[in-house]
Amino acid sequence: MQFPLDLFDATEAPATTRPDPLQARGDADGDTARRGAVFTRPEVVEFILDLIGYTPDLPLPQRRILEPSFGAGDFLLPIIGRLLAAWSRSPSPRPVEALGPALRAVEIHPATFAATRLRVIERLAAAGLDAPACRALADRWLVQADFLLAPPEGPFDFVAGNPPYVRQE
């Protein structure tokens with residue numbers, strides 16, 4: 001099997017020189033290197049979501065996905081984009097009821113959680129949802145906790161997040 005993307009080619013944006021998206025927005029405390037935070041390139045995120053079958057042609061509002069460590073939203077925001085695209089084919093007048101069960105995302109770091117929560121609300125507002133629905137969905141989807149200690153509230157149809165990274169030198 002041949003994949004159209006080289007997952008190990010870091011020539012475009014090596015992890016050590018990539019800007020920290022949270023620090024660039026002034027939303028986090030700038031300790032991403034100390035915490036071991038690693039950001040995934042958008043094309044890798046899209047490839048992984050396609051690979052697991054999380055595509056907007058499916059009835060994603062009736063499925064559940066888990067993102068165990070959402071960080072700056074590298075996976076979370078594209079997941080929400082795909083979920084909204086699937087929902088837009090037959091939108092319910094009650095988006096919180098229709099979309100609320102479809103996603104669970106966990107983040108341990110408080111500053112990162114807060115910054116990404118705002119990005120989620122902005123993304124939902126840009127899709128046309130009203131402010132109360134945006135906040136309600138963010139509150140329902142996002143959990144600030146240690147994923148290993150938080151009850152998963154499963155089952156889930158999909159699990160997606162940063163792949164494991166091994167430093168090569």
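Contact here means heavy atoms within 4.5 Å. With that in hand, welcome to a short tour of a predicted model. An open sheet of 4 strands runs in the order β3-β2-β1-β4, with parallel pairing, and α4 packs on that sheet. Helix α4 meets α6 through residues that include Leu 76 and Leu 77, and α6 in turn meets α7.

**The sheet**

- Strand β1 (residues 65-67) pairs with β2 in the parallel sense, over 3 bridges.
- Along this pairing, Ile 65 lies opposite Leu 103 of β2, while Glu 67 lies opposite Ala 105 of β2.
- Strand β3 (residues 142-144) runs parallel to β2 and is joined to it by 3 bridges.
- Val 106 has Val 143 of β3 as its bridge partner.

- How many residues of strand β2 (residues 103-107) are buried? The count is 5 of its 5 residues, which makes the strand mostly covered.
- In a regular strand, side chains alternate between the two faces of the sheet.
- Both faces of β2 are covered, with Leu 103, Ala 105 and Glu 107 buried on one side, and Arg 104 and Val 106 buried on the other.
- Helix α4 touches β1, β2 and β3 as it packs on the sheet, and its direction makes about 170 degrees with that of β2.

**Helix α3**

- Which residues of helix α3 (residues 42-52) are buried? Val 44, Val 45, Phe 47, Ile 48 and Leu 49 are.
- An α-helix has 3.6 residues a turn, so residues three or four places apart point the same way.
- The cover over the buried residues of α3 includes α4 (76-88).
- Gly 53 follows α3 and has a positive phi, near 90 degrees.

**Helix α4 against α6**

- The axes of these two helices, α4 and α6, come within 11 Å and cross at roughly 25 degrees. Because angles under 35 degrees count as roughly parallel, α4 is roughly parallel to α6.
- The crossing of α4 past α6 is right-handed.
- On the α4 side, the contact is made by Leu 76, Leu 77, Ile 80, Gly 81 and Leu 84; on the α6 side, they meet Thr 116, Arg 119, Val 120, Arg 123 and Leu 124.
- By class, the residues of this contact of α4 with α6 are 6 nonpolar, 2 polar and 2 charged.

**Helix α6 against α7**

- Helix α6 (residues 110-126) and helix α7 (residues 131-141) have axes that come within 9 Å and cross at roughly 135 degrees. The pair α6 and α7 is therefore oblique.
- What is the handedness of the crossing of α6 and α7? This crossing is right-handed.
- From α6, Arg 117, Val 120, Ile 121, Leu 124 and Ala 125 take part; they meet Cys 134, Arg 135, Leu 137, Ala 138, Asp 139 and Trp 141 of α7.
- The contact of α6 with α7 has 8 nonpolar and 3 charged residues, with no polar ones.
- Val 120 and Leu 124 of α6 are listed in the contact with α4, and Val 120 and Leu 124 are also listed in the contact with α7.

Notes. Residues numbered from 1 in each chain as written. Predicted model: local features only at pLDDT ≥ 70, side-chain atom pairs only at ≥ 80, totals over all residues. Heavy atoms only, no water. Axes fitted to C-alpha atoms, helices over the stretch in contact; angles between N-to-C directions. Parallel < 35°, antiparallel > 145°, perpendicular 65-115°, else oblique. Left-handed = near helix turned anticlockwise from the far one by under 90°. Nonpolar A, V, L, I, M, F, W, Y, C, P; charged D, E, K, R; others polar. Buried < 20%, exposed > 50% of the residue type's maximum accessible area, 1.4 Å probe, protein only. Pairing = 2+ DSSP bridges.
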